[in-house]
Amino acid sequence: MPTSTLLIIGAGPGGYVAAIRAAQLGISTTLVEGQAVGGTCLNIGCIPSKALIHAAEEFYKLAQYRARSPLGITVGSADIDVSKTISWKDGIVDRLTGGVKTLLKKNGVKVITGWARIIDGKTVEVAQSGSEGGTPLLITCEHLLLATGSLPVELPFMPFGGPVISSTQALSPATLPPTLAVVGAGYIGLELGMAYSKLGVKVSIIEAQDRILPAYDAELAKPVLNALKKLDISVHLSCTVLGMDEGYSRLRLKSTEGEESTLAVEQVLVAVGRRPRTADLGLESLMLDMTGSAVRIDDQCRTSMRNVWAIGDITGEPMLAHRAMAQGEMVAEIIGGKRRRFSPASIPAICFTDPEIVVSGLSPHEAEQAGIDFISAVFPFAANGRAMTLESTEGFVRVVARRDDHLIVGWQAVGRGVSELSTAFSQSLEMGSRLEDVGGTIHAHPSLGEAVQEAALRALGHAVHV
Ligand code: FAD
Ligand code: NAD
C-alpha cells in the first residue's frame with residue numbers, strides 16, 4: 001500500500017501550493033486530483049474569467065471608437081469570433097496548468113489522477129481515472145489535508161442544465177446568447193454580466209438584496225452601478241427568481257413587495273454563491289466539527305481531528321484563491337516543523353468589474369463596529385493626472401487609520417485599474433504603516449498610486465492636489 005507523510009486531496013491553488021511547499025521542505029507528498037490540476041481558480045474561475053473580461057473590454061473599446069472617439073481614433077466595424085476568444089483563453093489556462101504540473105514534478109510531488117474517498121484520518125482510497133470498475137488505490141498517510149474547494153450553489157427550482165448555466169458554462173460559450181439574465185449581483189454576476197454586455201449581449205441582473213455587491217460598502221458599489229446603467233444593463237434589485245416558464249423562454253421574477261413579472265431570456269446565469277465541496281468525499285467518516293456547511297478550522301488550519309487539516313473554499317468564506325494559497329503554504333510549513341499561525345493583517349479582495357473595486361483591511365463602518373476611534377479620507381481620481389490620461393476619472397482611494405497613532409487599518413478603492421493597488425494596500429497594512437509613512441513616501445508621477453499617497457496626506461489634513 002503506497003504511503004506518504006502528507007496526502008492532499010484537491011489540486012486547486014490551496015492544494016498545489018501546499019504540495020509544492022511541502023516537497024520543498026523534504027516532506028514526502030502525494031496530491032490527488034479528480035479533475036484538473038489548478039482547480040477552480042486556473043481552469044474555471046479566476047484566470048479564465050479575467051481573460052474573458054479582458055477580451056470583452058478590448059472588443060467594447062473598438063465598438064465604442066466606431067461610435068464616438070474622444071481620442072480621435074476611428075475604426076471600421078468591430079467583430080468578434082467567440083470561438084477564437086475561447087481558444088485564446090484556453091491557451092492561457094493550458095500554459096498555467098502545464099506550469100503547475102511541471103513545478104509539482106520538479107519538486108518530487110506524487111500526483112495521482114482520480115477521485116479520493118476518505119476511509120479514515122490516515123487512509124484514503126482513490127478511484128483512478130481510466131480504471132473504472134477496477135480496484136481502487138489505497139494510500140496511507142501521516143497527515144491528511146482537505147483542499148477540495150467549492151461548487152456553485154444551485155437554485156432547487158431551477159437546476160443547472162439547458163438554458164440555466166453556472167459560471168463554468170458562461171466561461172466557455174459556443175456562441176453568445178442574444179439575451180442573458182444573471183441571478184445574483186455579487187462577484188460572478190457582475191464580473192461576467194458586464195463582460196457579456198460588452199460582448200454585445202443584452203444583460204439583465206436580478207439581485208435579492210436592495211443593492212448590488214451587498215458585501216461591499218455602498219460608496220464603492222455606486223460607480224459600478226453607474227457603469228451598469230451606461231452599459232444599458234437592466235438591474236432588478238430586491239427581486240428574486242421563481243423559475244422558468246414551461247417553454248423555458250421567460251424567467252419569472254418576484255419583488256420583495258410581492259409583485260410578479262416575467263423577463264424574456266435565452267440564457268440564465270445563476271451566480272448566487274458557492275458552497276464548500278464536502279459531498280462524495282467520505283467526510284462523514286471523520287465526524288469533523290463543521291461551521292454550517294464548511295469544515296471548521298483553527299488558526300493553523302487544523303480540523304477537530306489530529307493531523308487532519310483543511311484549507312481554502314472547503315473551510316468557507318472568504319472563498320478567494322490567495323487565501324487558499326497562503327493557508328496551503330502555512331500548513332506545509334507547520335508540518336515541516338516551522339512555527340506558523342494564520343493571522344494576516346488583511347486578506348485583500350478585488351472585484352474585477354469596470355470600474356474595479358479593491359478592499360484591504362477595515363472600512364469606516366467596520367472600524368466603527370470594532371470600536372476603533374478612526375479618521376478616514378478620500379482622494380478622488382478626478383484630481384489625478386494619470387487617471388485623466390487613462391480616461392478613468394471616476395472613483396477614489398480611501399484610507400482608514402486610528403486617530404491616536406495614525407496606524408492604517410484599512411484601504412478601499414474603486415476605479416479603472418485599481419486592482420493593482422491591492423499590493424500597496426496590503427503591504428502597508430502588513431508592515432504596520434502609519435499615515436506619515438505612506439504620505440512621506442515618494443510615489444512615481446504620473447500614476448494612480450499618487451492617489452494612495454494623497455489619501456494618506458488628506459487624512460493628515462494636508463493633501464496637495466485637492
Ligand atoms: P479549488 O480551486 O476549487 O480546487 C479544489 C480541487 O479539488 C478541484 O480541482 C477539484 O476537482 C478537486 N477535488 C474535489 N473533490 C475531490 C476528490 N474527492 N478527490 C480528488 N479531487 C477532488 N478568487 C480570487 O481570489 N480571485 C478571483 O478573481 C476569483 N475569480 C473567480 C471566478 C470564478 C468564475 C469562480 C467560480 C471563482 C473565482 N474565485 C476567485 C474563487 C477561487 O477560484 C477559489 O477561491 C479557489 O479556487 C479556491 O481554491 P481551493 O484550492 O480551495 O479549491
Ligand atoms: P456572491 O456571494 O459574491 O454573490 C451572490 C449574490 O447573489 C449576492 O449578492 C446575493 O445577495 C445574491 N443572491 C443570493 N440568492 C439569490 C436569489 N435567490 N435571487 C437573487 N439574488 C440572490 O457569489 P458569487 O458571485 O456566486 O461568487 C461566489 C464566490 O466566488 C464569491 O463569494 C467569491 O468568494 C468567489 N469569487 C471571487 C471573485 C474575485 O475575487 N474577483 C470573482 C468571482 C468569484
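## A pocket and a ligand site

Helix H3 is the biggest giver to the lining of the second largest pocket, putting in nine residues. Keep in mind that this is a predicted model.

Let's stay with that pocket for a moment. The space inside comes to about 1,100 Å³, and 34 residues line it. Sitting nearest the centre are Glu57, Lys198, Asp354, Glu391 and Arg416. H3 spans 46–67, and along with helix H6 (187–198) and helix H7 (218–230) it belongs to the helices that each supply at least two lining residues.

Now for ligand 1. There are 39 residues around it, and Glu33, Thr40, Lys50, Asp313 and Ala321 come nearest.

| Ligand 1 atom | Residue (polar backbone atom) | Distance |
|---|---|---|
| nitrogen | Gly34 | 3.0 Å |
| oxygen | Cys41 | 3.3 Å |
| oxygen | Met319 | 3.2 Å |

How much of ligand 1's accessible area does the protein cover? On its own the ligand has 1,000 Å², and the protein covers 94% of that. Several elements give two or more residues to the shell: helix H1 (13–24), strand E2 (29–33), helix H2 (39–44), H3, strand E3 (110–120) and helix H8 (321–335). Of these, H2 has the largest share, with four residues. The shell as a whole divides into 18 nonpolar, 16 polar and five charged residues.

Note on methods: Residues numbered from 1 in each chain as written. Chains lettered and ligands numbered in written order. Predicted model: local features only at pLDDT ≥ 70, side-chain atom pairs only at ≥ 80, totals over all residues. Heavy atoms only, no water. 1 Å grid on protein atoms, 1.4 Å probe; cavity = no way out; pocket = protein on both sides within 12 Å on 5 of 7 lines; lining within 4 Å. Points joined across faces, edges and corners; volume = space filled by probe spheres on them. Near = heavy atom within 4 Å. Polar contact = N/O pair within 3.5 Å; in protein donor to acceptor, adjacent residues only side chain to side chain. Areas by Shrake-Rupley, 256 points an atom, 1.4 Å probe, with all protein chains shown as cover. Nonpolar A, V, L, I, M, F, W, Y, C, P; charged D, E, K, R; others polar.
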